[in-house]
Amino acid sequence: MSDSVVVCTWDQGREGLPAGAEEALTVAHALAASAGLELNWLVAGSAPDRVAEIAGKYGVVHLDRIEDPKLSGFQPDVCVEALAQYCKEQAPKLVLIPQTFDARLVAPRLAVRAGAGVVMNALKLAVDGGAVKVTASAYGGDTRVDYELTGAESCVIGVLSDMLLAEAPEGATSEPVVRQVSVDLGAVEERVRVIQEAHLEGPRLEEAQVIVAGGVGLGSQENFKLVEDLAQALGGMAAGSRPAVENGWIDSSRQVGLTGKITRPVLYLGAGISGASQHMVGCAAAKTIVAINRDPDAAIFKYASYGIVGDAMEILPEITKAVKGA
Ligand SMILES: Cc1cc2nc3c(=O)[nH]c(=O)nc-3n(C[C@H](O)[C@H](O)[C@H](O)COP(=O)(O)OP(=O)(O)OC[C@H]3O[C@@H](n4cnc5c(N)ncnc54)[C@H](O)[C@@H]3O)c2cc1C
């Protein structure tokens with residue numbers, strides 16, 4: 001087992017950097033620095049040229065590349081095989097995988113192949129008295145659980161990158177050594193085949209910079225229009241809590257939360273939303289949260305930078321008017 005921590009990413013079918021890579025590198029760097037582990041980054045499949053520059057910002061020692069035509073697009077069997085061969089050769093102590101939808105198909109299977117433990121939903125890693133501790137989200141985001149990784153075995157860790165902020169550590173810059181790692185994927189037959197892919201049209205809530213969301217407190221579809229008006233005036237997107245979606249006030253593609261979308265806007269304004277943990281999971285990483293609720297004890301105020309106690313039906317039109325007049 002080598003004394004290294006490796007962040008593994010692969011071609012996830014989108015342009016640009018692999019989703020969650022920088023957030024996972026942030027966590028990995030902090031751990032590597034405190035535990036004296038070597039930080040490496042495996043990029044399997046295609047990646048933009050700037051991965052080397054990004055790797056340097058996080059103090060990556062080795063930027064490992066696996067380039068194989070079979071790794072273009074996401075194929076879980078191929079991906080698991082490539083990562084398993086890599087882990088067998090490099091024997092990293094810890095394997096960190098940004099927890100995208102695809103990663104959930106990979107991390108547990110990789111752990112079995114590598115004879116490693118597995119922890120998903122990780123938010124923080126630390127070393128305590130020589131043991132690696134992982135803090136992870138559990139029970140739908142309600143609870144934080146601390147795990148201790150026992151023994152000398154390796155561990156695969158899914159990092160909940162949607163809930164973390166990427167922050168290149170000061171003074172960590174490195175000149176990563178690029179290593180081409182060869183794996184043999186010739187014998188891998190993908191067991192599940194994509195027969196159709198339907199891409200949603202229009203802007204994505206996850207990428208919105210401004211979100212105005214409404215909840216049960218809006219009371220009706222008609223009143224929900226006040227949320228849409230303000231979102232439009234701000235050049236943002238309207239969204240809703242799960243009950244708002246269930247009531248048919250807004251499309252399910254606009255649901256924020258655990259079973260909806262995890263968002264990270266610059267501004268999140270929630271009106272008539274109580275602030276249940278399952279909702280806040282989807283917006284707590286917003287830079288600024290503004291809450292409008294007539295109950296001064298509503299949980300959402302604990303998260304909000306600015307809170308307005310009052311009737312959303314009176315306040316929303318006033319804000320919209322002010323924005324339009326600005
Ligand atoms: C496994 C699981 C997954 C879930 N996933 C999600 C999810 O993805 N997203 C999600 O949102 N929820 C989710 N939920 C549901 C979640 O637990 C809450 O029930 C839900 O978020 C509450 O929605 P709400 O805030 O709109 O409604 P409520 O909790 O009913 O809150 C309404 C709020 O409006 C306020 N209000 C009432 N009238 C006014 C007014 N005139 N002006 C201002 N404020 C007013 C009230 O004071 C209250 O705080 C999930 C639950 C479970 C168990």
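The second largest pocket of this predicted model holds about 260 Å³ of space. Seventeen residues line this pocket, and S241, R242, P243, A276 and H279 are the closest to its centre. The ligand sits in this second largest pocket, so here is a friendly tour of both, where "sits in" means that more than half of the ligand's atoms lie within 2 Å of the pocket's grid points.

**How to read the model**
- Residues are numbered from 1 along each chain as its sequence is written, and side-chain values use heavy atoms, with hydrogens and water left out.
- Because the model is predicted, local features need pLDDT of at least 70 and side-chain atom pairs count only at pLDDT 80 or more, while totals for chains, interfaces and linings use all residues.

**The pocket**
- A pocket is an open set of points on a 1 Å grid over the protein atoms alone, with protein on both sides within 12 Å along at least five of seven lines; lining residues have an atom within 4 Å of a point.
- A volume is the space filled by probe spheres set on the points, which are joined across faces, edges and corners.
- The lining has six nonpolar, ten polar and one charged residues (Asp, Glu, Lys and Arg count as charged; Ala, Val, Leu, Ile, Met, Phe, Trp, Tyr, Cys and Pro as nonpolar; the others, Gly among them, as polar).
- Helices α6 and α7 each give at least two residues to this lining (helices are DSSP runs of H or I with at least four residues).

**The ligand and its shell**
- Around the ligand there are 25 residues, of which S241, V256, T259, S274 and N293 come nearest (a residue is near if one of its heavy atoms lies within 4 Å).
- This shell divides into eight nonpolar, 13 polar and four charged residues.
- At least two shell residues come from each of α6 (242-246), α7 (277-280) and α9 (312-325).

**Polar contacts** (pairs of N or O atoms within 3.5 Å)
- An N or O atom in the side chain of T259 is 2.7 Å from a nitrogen atom of the ligand.
- A backbone N or O atom of R242 lies 2.9 Å from a ligand oxygen atom.
- A polar backbone atom of A312 is 2.9 Å from a ligand nitrogen atom.
- Taken alone, the ligand exposes 990 Å², and the protein buries 75% of that (areas come from the Shrake-Rupley method with a 1.4 Å probe).

**A cavity**
- The whole structure has one cavity of 30 Å³ or more (in a cavity, a 1.4 Å probe fits but cannot get out).
- Among the residues lining the largest cavity are W10, D11 and K70.

Methods
Polar contact = N/O pair within 3.5 Å; in protein donor to acceptor, adjacent residues only side chain to side chain.
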